[in-house]
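Look at the chain below before reading on. The paragraphs after it go through the fold step by step.

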Amino acid sequence: MDSPVNVTVRFLLVNVLRKAEDRAAAERQLVADRKKSAKTARIREVFGVEFGKPTQTPTNELTKAHYETWTHGANGEKKNHARHNYWKTSLKDFKDLQVPFVDEISVAYSYETLRAHEAGGEGNVLKDVDTLEVIRRLDNFALGMNKNYGIALHRRPIPADKKERWLRDRRFANDNDYVHYDFRNDYVSVNLYFYLKEGRVTFTLEDSSVSEAIRDEGWEAISEKAKDTEGE
């Protein structure tokens, strides 16, 4: 106090500093390990459905479905037009995992080997559930998926110029406004959307190892000429 100049004295607690540094290093290592693990993560079973194995459900208990693919020629005509047949079924009493606001899950199977390729569904959010509560439940679901399956499903940041309005009232959202959670590696793809204006949630989980089988099994060429004749 008798010094002619201002004096500042600081005490550094080395042990506290080292513990904080060790804790931060451990957290960084944990994140790095999880990212590395997520690159090779696979989802073997979800909703009571085994992926990568033929289902034991007979085809007479499944529904035949299809989608069409084609390319465009130089004059805009359709080329390589084909129908890809597959099987599907609905799970009304799915097990283990409950996707928030989704009340029915459908499963798609490859046409010949009957391997589960995709599980997904959608549902509506009640109007009295606000946006923050919806996001909280979806966040918790994503964390549960990550813990159970070693993936890294994450929510993409909400654009800063839209965040305040989105969180205030989803009724004023534009048609393209949504909250998106996603994860993808070489084996599995997971997407979860919350469409604000519609108050709708959609979920899909895809086994990438069966994608080629879905395209090739049940492949059926479509002749545009024959199709036009049939239409006449």
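The model is predicted. Its protein chain has five helices and 11 strands. Of the 232 residues in the protein chain, 36% are buried. The accessible surface of the protein chain is about 15,800 Å², and carbon and sulfur atoms hold 48% of that area. Among the contacts in the protein chain with a separation of 6 or more, 57% are made by residues 24 or more positions apart.

Strand β8, residues 178–184, runs antiparallel to β9 and is joined to it by seven bridges. One of these pairings can be found by looking at Y181, whose bridge partner in β9 is L192.

Another antiparallel pair is made by strand β3, residues 63–72, and β4, with nine bridges joining them. T71 stands opposite K79 in β4. These two strands form a hairpin with five residues between them, and G76 in the turn has a positive phi of about 85 degrees.

Positive phi values also occur in residues other than glycine. N80 has a phi near 55 degrees and is not a glycine. N80 is found in strand β4, and its relative accessibility of 59% is why it counts as exposed. F47 is not a glycine either, yet has a positive phi of about 60 degrees. F47 sits in the loop between β1 (45–46) and β2 (49–50). Is F47 buried or exposed? With a relative accessibility of 3%, F47 counts as buried.

Next comes the interior. In soluble globular proteins, nonpolar side chains tend to be buried together. In this model, the largest nonpolar core has 41 residues, and those that touch the most other members are I43, M145, I151, L153, V190, F203 and L205. At least two residues of this core come from each of β4 (78–91), β5 (105–110), β6 (116–124), α2 (131–149), β8, β9 and β10. Which element supplies the largest share of this core? The answer is α2, with seven residues. L205 shows how a core member is surrounded. Setting aside neighbours within four places in sequence, the contacts of L205 include I43, V46, F51, M145, V188 and V190. L205 is also in contact with H117, E118, A119 and S189. Another core, of six residues, lies apart from this one, and A65, A108, A213 and I214 are among its members.

Nonpolar residues are found on the surface as well. V5, V7, V9 and F11 form a nonpolar patch there, with about 470 Å² of accessible area together. V5 belongs to the segment before α1 (14–38). Over 50% relative accessible area means exposed, and V5, at 54%, therefore counts as exposed.

The last topic is charge. The model has nine salt bridges. One of them joins the side chains of R83 and E220, with an N to O distance of 3.6 Å. R83 lies in strand β4 and E220 in strand β11 (residues 219–221), so this pair ties together parts that are 137 residues apart in sequence. R83 is partly exposed, at 23% relative accessible area, and E220 is partly exposed too, at 36%.

A salt bridge of 3.5 Å, N to O, is formed by the side chains of E122 and R200. This pair links strand β6, which holds E122, to strand β10, which holds R200, across 78 residues. E122, E198 and R200 are linked in a network of salt bridges.

R156 and D182 also meet through their side chains, at 2.8 Å from N to O. R156 is in the loop between β7 (154–155) and α3 (160–168) and D182 is in strand β8, so the pair ties together parts 26 residues apart in sequence. R156 is partly exposed, with a relative accessible area of 42%, whereas D182, at 13% relative accessibility, counts as buried.

How values were computed: Residues are numbered from 1 along each chain as its sequence is written. This is a predicted model: local features need pLDDT of at least 70, side-chain atom pairs count only at pLDDT 80 or more; totals for chains, interfaces and linings use all residues. Side-chain values use heavy atoms; hydrogens and water are left out. Two strands pair if DSSP finds at least two bridges between them. Helices (H or I, at least four residues) and strands (E, at least two) are DSSP runs, numbered from the N terminus. A nonpolar core is a set of buried Ala, Val, Leu, Ile, Met, Phe, Trp, Tyr and Cys residues joined through side-chain atoms within 4.5 Å. Buried means under 20% relative accessible area, exposed over 50%, partly exposed in between (1.4 Å probe, protein chains only). Contact means heavy atoms within 4.5 Å. Patches are made of residues with over 30% relative accessible area and no salt bridge: like charges are joined within 9 Å, nonpolar side chains (Val, Leu, Ile, Met, Phe, Trp, Tyr) within 5 Å. Accessible areas come from the Shrake-Rupley method with a 1.4 Å probe; for residues, only the protein chains shown count as cover. A salt bridge is a side-chain nitrogen of Lys or Arg within 4 Å of a carboxyl oxygen of Asp or Glu.
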